[in-house]
Amino acid sequence: MLKRLCSVFLILALMIPALVPRSTASGDVYVAVNNAMLPITDSMPIKSDGLWYIDYRCFTGGELGISGSYNADSQILTLYTWDNTLVFDIAKGTATNVTSDTSYRRKTFRSNGTIYVPANFVANQLDVRYSFISSVNVIRIKADNTVNDSVFAYIAKDEIPRLRARYEESKKQTTSSEEPSKPIIEEDEKQKTVYLTFDVGTNTDLSAILKSLRRYNTKATFFLFGSAIPMQEDEIRAAAVDGHSFGISAMNSVSAFLKSDVSVTNDLAETNDLLFETCFQKSRLVRIPGGSPALSDAQVEALIASGYRYWDWDIDASSMSLSRLTSSLSAKNSDTIIIRFDASASSTKNLASLLSYLKKNNYRSASISLLMPPQNARQDKR
């Protein structure tokens, strides 16, 4: 009987190594989202200061319900779900959870055109789970309804050789390759900055505006009326792809919008719902029709309590000739100037000429980011 038990234990001992997934032969580290391995690319994980950094787009492929946008002008990366918004300022090395109003010292960097974020930190902030499966060298980002890591290790073990084969085959077809470079942080240019903003209503020719902005490689901010969003879904998605930022405004009726503090926040929430349905983005930047002086003190507090930041403007270009507009720009001593267009065809007829003027006169054009202190007539920087 004793000999028989020893034989069974010996057989089991010999079988265990075959049952446990082995570590990958190389030191490469891979990424998986939920129950799927991501393809191998030139933008694989980087370890820095003991933390794993991955391409932020690993989070935004759709499976996790996370969206993202990057503003190259301000070097601001925003990742968000419906409930949480996480903003990275690459130049400053900070991350801000807008929902909880908490800031952190967190490095994010660019390397070879890829923006890398700390994987574990982002997962914790946006309420998904992070794990590192050491047996197969896999960083796994996952929701709750996934197989456990020990089971997924078998999936990864079989999938990694196929992914490597596909990657190596694709590299053979590439005639040239770039040497990896050290992570770098680009510096902002030091020059006067103009923020072009457009109040987008139902009469806005958004396609024409986007065409002019593309021609001059200029980023802008579009404050959207809710009623305009269903009418211009394709144009709004195109603006998102082009890297412009969005703000929100009233649904439709200004009088109904300004009726009470509840009507203001309800209107903005409804507009945000439409924006999210259209391009999977939401915004906390707000423009009040007619400007912030139209708000009551109670409405201002309701806006702030709901996490919004409201913006006015320095120059209203809606009824200005080009010469008057350029004269107004020259007269401004501030390093930053906010220009508003009501975005009607008559308002934006001089847009291309203005963009040409800005380029020739060394103005820097940028879009508004969430981390910027808001500028408004009330001098409210919250």
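This is a predicted model: local features need pLDDT of at least 70, side-chain atom pairs count only at pLDDT 80 or more; totals for chains, interfaces and linings use all residues.

Colleague: What sits between strand 5 and strand 6 in the hairpin?

Modeller: Four residues, and Gln75 takes a positive phi near 55° in that hairpin.

Colleague: And which way does strand 7 run against strand 6?

Modeller: Antiparallel, with five bridges joining strand 6 to strand 7, residues 85-89. Leu77 has Phe88 in strand 7 as its bridge partner. Strand 6 and strand 7 also form a hairpin, with four residues between them.

Colleague: Is strand 6 buried or exposed?

Modeller: Buried: five of the five residues in 76-80 are, so strand 6 is largely enclosed by the rest of the structure. Ile76, Thr78 and Tyr80 point one way, while Leu77 and Leu79 point the other way.

Colleague: Changing topic: what's the strand order in the open sheet of four strands?

Modeller: The order is 2-1-13-12, and the pairing is mixed. Strand 2 (36-37) and strand 12 (129-133) are the edges, each pairing on one side only. Strand 1, residues 30-33, pairs with strand 2 in the antiparallel sense over two bridges. One partner pair there is Val33 with Ala36 in strand 2.

Colleague: Helices next. Which residues of helix 4 are buried?

Modeller: Leu206, Ile209, Leu210, Ser212 and Leu213, in a helix that spans residues 206-215. Seen down the axis of helix 4, those buried residues fall within an arc of 160°, so they line one face.

Colleague: And what's on the face of helix 4 turned away from the buried side?

Modeller: The exposed residues Lys211 and Arg215 are carried there.

Colleague: What covers the buried residues of helix 4?

Modeller: The cover includes strand 14 (193-200), strand 15 (221-224), helix 5 (233-241) and helix 10 (351-360). Just after helix 4, by the way, Asn217 takes a positive phi of about 50°.

Colleague: I've been looking at two serines. Where is Ser227?

Modeller: Ser227 is in the loop between strand 15 and helix 5. Not counting residues up to four places away in sequence, Ser227 touches Thr202, Met251 and Asn252. The C-alpha atoms of Ser227 and Thr271 are 7.9 Å apart, though the two are 44 residues apart along the chain.

Colleague: Why does Ser227 count as partly exposed?

Modeller: Because its relative accessibility is 21%, and buried means under 20%. Ser48, in strand 3 (residues 46-48), counts as buried because its relative accessibility is 16%. Leaving aside neighbours within four places in sequence, Ser48 is in contact with Tyr53 and Lys107.

Colleague: Which residues make the nonpolar surface patch of about 190 Å²?

Modeller: Val147, Val151 and Ile155. Ile155 is in helix 3, residues 149-172, and counts as partly exposed because its relative accessibility is 37%.

Colleague: Last bit, the whole chain. How many helices and strands?

Modeller: There are 10 helices and 21 strands. Of the 382 residues, 49% count as buried. The accessible surface comes to about 19,200 Å², of which 51% belongs to carbon and sulfur atoms. Among contacts between residues at least 6 apart in sequence, 65% join residues at least 24 apart.

Definitions and conventions: Residues are numbered from 1 along each chain as its sequence is written. Side-chain values use heavy atoms; hydrogens and water are left out. Two strands pair if DSSP finds at least two bridges between them. Patches are made of residues with over 30% relative accessible area and no salt bridge: like charges are joined within 9 Å, nonpolar side chains (Val, Leu, Ile, Met, Phe, Trp, Tyr) within 5 Å. Accessible areas come from the Shrake-Rupley method with a 1.4 Å probe; for residues, only the protein chains shown count as cover. A salt bridge is a side-chain nitrogen of Lys or Arg within 4 Å of a carboxyl oxygen of Asp or Glu. Buried means under 20% relative accessible area, exposed over 50%, partly exposed in between (1.4 Å probe, protein chains only). Contact means heavy atoms within 4.5 Å. The arc is that of the directions from the helix axis to the C-beta atoms.
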